[in-house]
Structures are given as C-alpha cells and as structure tokens.
Amino acid sequence: MLLLLCHSRGPSQLVGNNRTSKMLLLAVAAAVLTATVDAQQRGVKLQDLTLSLLERPTEPVFMPKGDKGIVLDVPQNYLTDKYRPQASVLKNRFKETDNTQVAVKGITVPDISALLVLPRRATFSTFVPLHRQLAARLIAIFIGMRNAEDFVSAAAYIRDRVNPGLFVYAFSVAVLHRPDTRDLHLPPLSEMFPDKFVDGGVFVRAREEANVLLDETVRSPIEIPMDYTATNLELEHRLAYFREDLGINLHHWHWHLIYPFEGPREVVAKDRRGELFYYMHQQIIARYDFERMCNKLPRVKRLQNLNDPIEEAYFPKLTSQVASRNWAGRPSGAVLRDVNREADQLKFDIAELQRWRDRIFEAIHKGRIDLPNGTTMALTERDGIDVLGNLIEPSDLSPNRQLYGNMHNLLHVAVSLVHDPDQRHLETFSVMGDSATAMRDPVFYRVHSMVNDIFTEHKNTLPRYTVQQLDFPGVRVVGVSVQTPSAEANVLETFWQKNVVDLSRGMDFNPRGSVLAKFTHLNHRDFQVTVTVENQGQARQALVRLFLAPKFDERGQQWSFVDQRNVFIELDKFIVNLKPKRNVITRESRMSSVTIPFERTFRDLELNRPPTNGSGTVQDEFNFCGCGWPQHMLIPKGSPEGYPSVIFAMVSDYTTDWDQSAANRKPGACWDAASYCGIRDQAYPDRRAMGYPFDRLPRPGVVNTEQFLTPNMIMGDVLIRFRDTVFDPFLPQQQQQPQPQRPQAAQGRPPNRPQNNRPPNNRPNQG
C-alpha cells in the first residue's frame, strides 16, 4: 500500500481523527521511520494522485483510476450519503491485485455548503458571475490547505459533492498555483471532458468498443470526419478546421486557467494580466483574419450593433456528458435578447452591455477612468492598456467594476443563451459560454474583433513611435529568409495530419482501457528562419522579433500600414549575441516563443511522464504550464498555389527591451510560450508594449509598411503552400496518400496500431 506523502507527517497525523489500536500506530510509525522514499518517488506518487482525481470526473472517487488502477481509500465520512451505507462493501470491492490502494488521511473537512447551489449535473461556466464566485471560493479552500497531503484529502472529499466542471477548474487552478504542486502536470482537458472537443456521436461507438472489445489492444481508433458540423454550403465552414482545432481550444481554456477572474490575490494578480488578455486575443483575431484570407474570405466583421441579427449559424454537434444534454445550436438571424435566468442568478439587459462599452470609450477619450472613491486613474502610455484589459475582462483587479461593468463576460453569456434567455425551455448555454469551446463558434471572432477595436481606440491615442524609439543604432538587418528542408527557398508548406485522443479517461462508468478517436488537423513542415545582421559596434546582445502577415489585402491590393499592422502574427522572439560585423542568425520554428511543442498538446501523462533530473524536479525542457498556442497551428493554411505573405524581422536592443529580472530562468517558470502566456512568478520578459512595433499608428509620412521600416528591420516575401494530402502516422508507409517530400513520423514508420493502443510520438520530422 502506498502511504500518501508519509515522509512529511507523524503517525498521529496520518490517522487523523480516527482512533486505532496501539498496534496499528506502531506499524504506521515503523513504516514512516523505515521509508526511504526519495524526492523523485514522492513527486511521482503525487502526480499519480493528481491524475486520478481528474480522471472520469463524475465517477465516485473510490473507483479505480488510471493505468495503475489507483483506488483512494477514503474515510467513511468522505463518502456521499448515497454510498455511505455501503461503505464496507465498497471498501472490499476494488481490492484487486491489479489495483493500487492509497490511504487518504482524514482531515477536518471544509464547509462547502455554499458551493452546492450549483447542481452537480449542471453546466459550469466561468463567464457566469455566480459560477465564477463559487470557483473563487473553492480555489481559496484548495490554496488554503496547509500541505499537499491535506490538499489531496480535501479534494477527495469535495470531488464527489460539487459540480464536476467546477471541481476540475478550481482543482486545476490550485495545482498550478500551490508551491507544493506547481511542478505537477495537468492532463489536457480533452482527456477529462472529451465531450467538449469530439462529435457527440462518437461516444456511442466508443462505448460499444469498450464494452464489446474488453482487450484494449484489439480496439481500433474511431474516425471523426472533418466535416461533421456543417457542409461547404456554409461559407464559414471553410474555417471549421481552425475554429474546432483541439489544440487551439485547449490553449484558450488553459490561458484562462492560468489567468482566472477571481480567487486569492496571489492567484489573480499577475504581471500585465490585462495587457496579456488584450494581446493574446488580438493575435487570435489577426491569425483568424489571415486564415480567412487564405480561404478567400474577407476579414471578420466585428459585432458592432448588438441589436442586429447574427448572420452566422453554428451547430456544434457536441453532447455534454455531465448535463446529458446536447450543446445548443444557433440558426442564422438569431437576435440577442435580455437575459433573466433566476436559477443562474443572471439578469441583465443588452442595452446595459452597450452602456458599459460607451463608458469605456468615454474613459479612453478622456485618458482616465473614474474610481469608486471619486478620484481618477490615468490611462498612461505604459500601463493604460493593462488597466483597460482588467476593465473589459473584469476580475478582482478591476478598478471600478460597478461603473464599467462586465461587458466581455456577459456578452459571451448573451450569445450563448440566445436560444433560451429566460430559461423557459430549461436549456443551458451553448459553446460561447465555455472557454474550452467558445473558439468553435464564428461569433467568438466577431465579439473579440469588437473588443479589439476598443483596445485599438486607446492605442490610437498614444504617441506614435519615433525613429529613435524603433531604431537600433549601429545595427542593420540586411536579409531574412525561410527554408523548409527539401523545398524551395522562402516556401512554407502545410498539410493535413491525423492524430488521436484517448476518450476513456472521460468516459465515466465504462470498462477500463483506452478508447481512441482519430481526427484530422492542420500541420506544417518544420522550417528555419535566417536573419543576416551587420553590427557596426562591439559585441552586444540583441532581441530578434519575427512576424508574418499576408502580402496583399483581400482585394489583392497593397496594404496601407494602418491596416496591415493589424494582421501581423507573432512567430517568435528570442535573444542573440551579436559579434562585430556580419552575423548570420538561424532559428528553428520549433523553438517559437509563441507555441508549446506538438507532443505537449497531444500528451498522455501516464504513458509519457516527463523525466526528472535526479533532484526531484522536472527537467527544464519539460517545465511547462501547458499554456501556449499549439505548434501545429503556428503557420496559416495558405493555398495550393502558394499564398503570398511577408516575414518581418526586427533586431532591437536587449538592454532596453528585455526585463533583467527575466534574464535568469527560474526552475519551473514555464517559458515555452512566454509571448502569449507570460512567465510564472516573473515579470513579463519584454519591456516593450505587447505587439511592438505594430501596436500604434505610424509616424507622419508613413503610408505603407516599407516606409515604416528602420535600418534594424526588414521584410521578405514568403509563399505558404498548402498540400491537400493527409499524413497518417498510424498507417504503414505504403498506405499513405501520395505526397511529395512527405514528412516522416518522428520515431520512424509507425506500426498499424500503436503499442498498447496509445498514440506514438507523431511529430513530423523535417530532416
């Protein structure tokens, strides 16, 4: 039997409030004294327990979880009223040799009565104020536990009593922010709640596989078609591969996990949180516009008048496993209406959202916001964008929530309840009401295009960058190019790839063993960027910034700088050492500061446990929070003939642009995707405004981007060529579709079925 963190507790604490015989106390004491569990083993045990608490969220906590069959042996009072009378039967039922029994120490359980106002089978949403407040309370309970052992014990008690969505969210936030659990790794939400990402019809076939084919090694992945939400009769469906991408939606959910709205101060108050909200979503809109233009569609039309009918229809084809309800669809022409839902404690008017927006615009034009105490706060050149971000997406950091309201969150709610705003049909919200599914809906991009316009209005009031603020004296960039192995120079290549997700960890009350679903997503071949720099001074450090943008607008015309600056997407940002004279800098696309590696989006933490470095901490390259744009979506789709684009490179002064507190990387700081997610427990590393140098209007006389360039900048032409072929790493090579210069699987040609029915490491190798 595993002793839960027995190294940190005395015998009397291990038994908690339960009285045991003297013999048992002596036995436990002996176990503690003779235990030789090192730090590495302790971490593995805690990781296993964390995964078990998050697996099959609606199953009772005492049922076997994970590949090791972990069974939490909880005190009798931890069982819910439904199961407590059968405590002795349940205790013996799962004592199989293949299961691992883990004794959970009893503690004085916290009062969670206030959390039970949200029914266990309801749908949870952080956009709903009541749900957000409940989450903040539960996060505070978890954060307040004195050590990891008490934290796990409290979670084991709470898990079967509160709403599963609420539990998973609050528990995950606490794991990421507690000092004694911060190095643990959370499973992707697609494993905990696969119903948020996969066609609801798949689960009928998945249950058949699990119940009929008890040997998991003979189960075959269930194919999910690309076009399961609509046909090409719907123009917006051209972008379904982007909006419904699993990695993109996981990124959005995980970002909001790291930057929660409410909770303990140390959880919510992070450096430049409001500005990160602005920049991350601004980049999503820029990328979506880029993607639309690749598919011969115009840039997204912002949702300006909230009373106009919503043209875009969307039917998600998802089924909530918690609520046992289909996620509602929305027909074309739906109109936002006032919301009044007593059960959710929701009551607001659409006109109220418009008033809040008008007040924010008024504050921007005045250059200050009004505070509750009658004073004002200036929207300064440096910090104004951060203040606005905390106003528009209100959190505990909002300076005046009463006056400036809750526009962003309640606009999500209004769209998500357009089908049943007064609950007369007892329907719950649609995908726009959940951060894990909101990006599937075309209206998400219209909403955030409108929100982005508010931030742009503020940016347009700021002083324009002078040549001196942009230039790096003595440094001249003379060349930029990209190279994809075995391809033409300055050509990026994209293609379709198949991958799998394991549904079994979210399929409650079904036989154990993997049940895989196979889906298709966009990917690109790895490439290398080369920047050539002339340094006329001494050796020094510099910061390289890389961006990508369409070369022409949707009419095929040359851009004005004012418009093109809004569609530049950040590719990378990194530090280099410049030697005197000529420098040839190369950078691999896999090193991007925007993305998390391919394997981490589609990871299985039980199968692919990150290695340790011998001291009990996870190796630096695996120290990540899980937040970041997915690597496979770094490059837009392009077009078969090659979509004309430009790559922009800028070399700036490291000493002025980079925060020196970020110079030394702290262990576990989560650096992988710092551009969108920041760095845990450290200042945002780039001192410049996020989006620099494209975040402001140009200096006088600049009409196009070429005129905007200073000697330390350069642009080069790039084609993005899409190959309409599918790479399936689960098929033998001879069964692949013909594809010139086809990428190979990262670990050689995969077998017909991955070992143990688990996906192989299937990042395409570009060598």
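The residues lining the largest cavity divide into 10 nonpolar, eight polar and three charged; here Ala, Val, Leu, Ile, Met, Phe, Trp, Tyr, Cys and Pro count as nonpolar, Asp, Glu, Lys and Arg as charged, and the others, Gly among them, as polar. The model is predicted, so that local features need pLDDT of at least 70 and side-chain atom pairs count only at pLDDT 80 or more, while totals for chains, interfaces and linings use all residues. Residues are numbered from 1 along each chain as its sequence is written, and side-chain values use heavy atoms, with hydrogens and water left out.

**The largest cavity**

Select F124, G165, F193, K196 and D434, which lie nearest the centre of this cavity among its 21 lining residues. A cavity is a set of points, on a 1 Å grid over the protein atoms alone, where a 1.4 Å probe fits but cannot get out; lining residues have an atom within 4 Å of a point. The space in the largest cavity is about 220 Å³, a volume being the space filled by probe spheres set on the points, with grid points joined across faces, edges and corners. Next, colour helix α7 (residues 164-177), the source of the largest share of the lining, three residues. Helices (H or I, at least four residues) and strands (E, at least two) are DSSP runs, numbered from the N terminus. The whole structure holds 13 cavities of 30 Å³ or more.

**Two packed helices**

Display helix α15 (residues 384-392) with helix α18 (residues 442-459): their axes are 10 Å apart and the packing angle is about 155°. Axes are lines fitted to C-alpha atoms, for helices over the stretch in contact, and angles run from 0 to 180 degrees between N-to-C directions. The pair α15 and α18 is therefore roughly antiparallel, the term for angles over 145 degrees. Their crossing is right-handed, meaning that the near helix is turned clockwise from the far one by less than a right angle.

**Two open sheets**

Turn to the open sheet of three strands, in the order β11-β14-β17 with antiparallel pairing; two strands pair if DSSP finds at least two bridges between them. Strands β11 (475-483) and β17 (581-588) are at the edges with a single partner strand each, so one side of each has no neighbour in the sheet. From one strand to the next, the twist averages 15°. Strand β14 (residues 528-535) is joined to β17 by eight bridges, and V529 can be found opposite R587 in β17.

Two bridges join β4 to the parallel strand β13 (residues 516-524); select E223 to see K518 of β13 opposite.

**Two backbone stops**

In the loop between α13 (273-294) and β5 (319-320), select K296. K296 is not a glycine, yet its phi is positive, about 60°. Finish at P693, in the loop between α23 (674-677) and α24 (705-708). A cis peptide bond joins Y692 and P693, with omega about 10°.

Definitions and conventions. On a 1 Å grid over the protein atoms alone, a cavity is a set of points where a 1.4 Å probe fits but cannot get out, and a pocket is an open set with protein on both sides within 12 Å along at least five of seven lines; lining residues have an atom within 4 Å of a point. Angles under 35 degrees count as roughly parallel, over 145 as roughly antiparallel, 65 to 115 as roughly perpendicular and the rest as oblique.
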